[in-house]
Amino acid sequence: MTAWLLVACASLTTWRLAWFVAVSDFPPVQWARTRTVQRGPSWLGELVSCHYCASGWLAAAVVAFADLAGPVPLPVLVWGSAWAAGAGLAEVERRGGGA
């Protein structure tokens, strides 16, 4: 897989996962997020309710899983790119922009 395609796929995957974790109102996810915010440590509550915070860790997981499937060229740069693009797309969606 070429590097630009890997970055694009990782970015889109990070965006959707970050939205699903931090914003989605799917009942099981919303229940788990609310429970974590109310009863868990404050840093974990912030992690699951902030799409910027969640996208960083999710991008790291996406790049790690992609590296298991095949070598990822410059994984730190792919991680940073996926994090930035995923968080940016989540912010655009949160503000009601885009499609």
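**Helix packing, term by term**

Author: α1 and α4 pack at an angle of about 135 degrees, and their axes lie 8 Å apart. This is a predicted model, in which local features need pLDDT of at least 70, side-chain atom pairs count only at pLDDT 80 or more, and totals for chains, interfaces and linings use all residues. Residues are numbered from 1 along each chain as its sequence is written, and side-chain values use heavy atoms, with hydrogens and water left out.

Reader: Why are α1 and α4 called oblique to each other?

Author: Angles under 35 degrees count as roughly parallel, over 145 as roughly antiparallel, 65 to 115 as roughly perpendicular, and the rest as oblique. The angle between α1 and α4 is about 135 degrees, so the two helices are oblique to each other.

Reader: What makes α2 roughly antiparallel to α3?

Author: Helix α2 (residues 27–39) and helix α3 (residues 42–49) pack at about 150 degrees, with axes 7 Å apart. That angle makes α2 roughly antiparallel to α3. Their contact (heavy atoms within 4.5 Å) is made by R33, T36 and V37 of α2 with L44, G45, V48 and S49 of α3.

Reader: How do you know that the buried residues of α3 line one face of the helix?

Author: Buried means under 20% relative accessible area, and exposed over 50%, with partly exposed in between (1.4 Å probe, protein chains only). In α3, G45, L47 and V48 are buried. Seen down the axis of α3, its buried residues fall within an arc of 160 degrees, so they line one face. The arc is taken from the directions from the helix axis to the C-beta atoms. On the other side of α3, S42 and W43 are exposed.

Conventions:
Axes are lines fitted to C-alpha atoms, for helices over the stretch in contact, and angles run from 0 to 180 degrees between N-to-C directions. Helices (H or I, at least four residues) and strands (E, at least two) are DSSP runs, numbered from the N terminus.
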